[in-house]
2 protein chains.
Amino acid sequence: MTNDESEKNDDFFLQDFLPFLLNQAAERASLEFQGVYKGRYGMLRTEWRVLFHLGLFGEMTAKEIGERARMHKTKISRAVSKLEQRRYLKRTRDEADRRAEWLALTPAGQTVYRDLRKVAASYDAKLSGLFSAQEAALLRHMLQRLAGLD
Amino acid sequence: MTNDESEKNDDFFLQDFLPFLLNQAAERASLEFQGVYKGRYGMLRTEWRVLFHLGLFGEMTAKEIGERARMHKTKISRAVSKLEQRRYLKRTRDEADRRAEWLALTPAGQTVYRDLRKVAASYDAKLSGLFSAQEAALLRHMLQRLAGLD
DNA sequence: GGTTAATAGTTGATTTTGTAACTAACAAGC
DNA sequence: GCTTGTTAGTTACAAAATCAACTATTAACC
């Protein structure tokens with residue numbers, strides 16, 4: 001009977017289970033920043049990510065964004081449509097390969113991007129500020145490893 | 001013109017942006033394990049989480065699960081219904097406060113839980129194995145801090 | 001003790017995501 | 001050059017998440 005009870009928890013602690021912890025931390029880290037792009041520009045997370053990538057890397061195709069951001073192509077397709085509707089990006093058909101199209105931010109899109117990047121940078125600094133510089137650097141390395149980005 | 005170009009990237013690197021990194025890592029950590037509970041038991045993430053909590057902590061109310069797991073009550077309500085349909089849990093109305101009900105795993109539910117917990121534990125060990133014991137411990141602390149669980 | 005507010009949980013409507021099938025364009029093999 | 005296969009991106013339909021409104025019960029206050 002004592003055994004039945006002990007089997008409940010035993011060697012397993014929720015607050016140490018990495019997938020759970022990663023999810024909780026990621027959720028929380030997204031939340032506050034989400035309020036900004038959602039509140040100011042009515043943007044979804046997918047849209048923010050596409051805008052972000054185009055702002056950071058300049059002209060890209062949907063496929064390239066998908067690879068970098070690890071987003072499915074349907075998500076990207078929809079985000080691109082929305083961003084185009086709002087005149088934040090323009091598409092240009094690739095004349096060498098007419099299946100593909102190049103995406104680039106409009107001046108309006110760049111303005112939005114720069115605004116949000118500022119917020120993002122200071123938010124990142126705030127999160128990093130929870131740790132020493134060495135710890136924060138190590139954290140980034142470990143997350144890159146976990147994410148398979150190294 | 002050189003300035004326009006430099007404004008693209010400048011001081012901001014995607015692979016160092018914590019919300020992005022956390023999301024990518026969390027996504028990847030969930031994915032592999034999701035295959036197990038989905039494949040073996042046709043369970044959704046929400047259902048797995050509820051089952052997991054009941055397995056770990058024993059009898060709980062939906063509200064308590066919501067607080068611990070940081071899940072919205074509608075998600076829990078639906079996950080509980082599904083788990084009940086599959087006879088993995090039973091509900092008992094609280095006679096002192098008849099609005100609340102106590103949820104507990106059935107023997108069948110406990111069997112599923114124990115199976116999945118084994119897989120979860122070894123998966124967690126595999127992830128932790130990417131780092132030294134000290135690093136892994138530090139990672140957990142940092143994630144707890146980021147998640148606001150400390 | 002009767003009215004009002006708060007709480008546990010459910011349900012329905014809307015939005016967003018995921019999956020599969022699709023179109024259009026290109027590539028390879030013969 | 002014509003079949004067959006592949007790729008970029010879209011669309012349609014199903015599944016799931018979100019948000020608001022709802023029921024039933026309890027607590028608070030006068």
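In chain B, the side chains of B:Glu101 and B:Arg91 are joined by a polar contact of 2.9 Å. A second polar contact, of 3.3 Å, links the side chain of B:Glu101 to that of B:Arg93. These values come from a predicted model. B:Glu101 belongs to strand β3 of chain B. Leaving aside residues up to four places away in sequence, B:Glu101 touches B:Met60, B:Thr61, B:Ala62, B:Arg91, B:Thr92, B:Arg93 and B:Asp94. B:Glu59 lies 42 residues from B:Glu101 in sequence. In space, the C-alpha atoms of B:Glu101 and B:Glu59 are 9.8 Å apart.

In chain B, three strands make an open sheet in the order β1-β3-β2. The pairing in this sheet is antiparallel. Its edge strands are β1 (60-61) and β2 (89-93) of chain B, and each of them pairs on one side only. Strand β3 (residues 101-105) of chain B runs antiparallel to β2(B), and five bridges join the two. B:Arg91 stands opposite B:Leu103 of β3(B). B:Arg91 also has the side-chain polar contact with B:Glu101 described above.

Chain A has an open sheet of three strands as well, with the order β1-β3-β2 and antiparallel pairing. Here β1 (60-61) and β2 (89-93) of chain A each have a single partner strand, so one side of each is left without a neighbour in the sheet. Two bridges connect β1(A) with strand β3 (residues 101-105) of chain A, in the antiparallel sense. A:Thr61 has A:Trp102 of β3(A) as its bridge partner.

The two chains were then considered together. In the interface, 56 residues of chain B are in contact with 56 residues of chain A. About 5600 Å² is buried between chain B and chain A. Carbon and sulfur atoms give 69% of that area. The count of salt bridges between chain B and chain A is zero. Polar contacts do occur: 16 residue pairs across the interface meet the rule, both residues being at pLDDT 80 or more. On the side of chain B that touches chain A, two or more residues come from each of α1 (2-9), α2 (18-41), α3 (45-57), α4, α6 (107-128) and α7 (133-147) of chain B. The largest share, twelve residues, is that of α2(B). By class, this side of chain B has 29 nonpolar, eleven polar and 16 charged residues.

DNA strand C is surrounded by 21 residues. The closest are A:Arg78, B:Lys63, B:Ser77, B:Arg78 and B:Arg91. Of the atoms of DNA strand C that come within 4 Å of the protein, sugar and phosphate account for 53%. Both chains supply phosphate neighbours. In chain B, a polar side-chain atom of B:Ser77 lies 2.6 Å from a phosphate oxygen of DNA strand C. A:Arg98 places a backbone N or O atom 2.8 Å from a phosphate oxygen of DNA strand C. Three helices each supply at least two residues of the surface near DNA strand C: α5 (73-85) of chain A, and α4 (62-69) and α5 (73-85) of chain B. With four residues, α5(B) gives the most. The surface near DNA strand C divides into four nonpolar, six polar and eleven charged residues.

Around DNA strand D there are 20 residues. A:Lys63, A:Ser77, A:Arg78, A:Arg91 and A:Arg99 come nearest. Sugar and phosphate make up 58% of the atoms of DNA strand D that come within 4 Å of the protein. A polar side-chain atom of A:Ser77 lies 2.6 Å from a phosphate oxygen of DNA strand D. For A:Glu101, a polar backbone atom is 3.2 Å from a phosphate oxygen of DNA strand D. Two or more residues of the surface near DNA strand D come from each of α4 (62-69) and α5 of chain A and α5 of chain B. The largest share, four residues, comes from α5(A). Four nonpolar, four polar and twelve charged residues form the surface near DNA strand D.

Technical notes:
Residues numbered from 1 in each chain as written. Chains lettered and ligands numbered in written order. Predicted model: local features only at pLDDT ≥ 70, side-chain atom pairs only at ≥ 80, totals over all residues. Heavy atoms only, no water. Near = heavy atom within 4 Å. Polar contact = N/O pair within 3.5 Å; in protein donor to acceptor, adjacent residues only side chain to side chain. Nonpolar A, V, L, I, M, F, W, Y, C, P; charged D, E, K, R; others polar. Contact = heavy atoms within 4.5 Å. Buried area = accessible area lost by both parts, 1.4 Å probe. Salt bridge = Lys/Arg side-chain N within 4 Å of Asp/Glu carboxyl O. Pairing = 2+ DSSP bridges.
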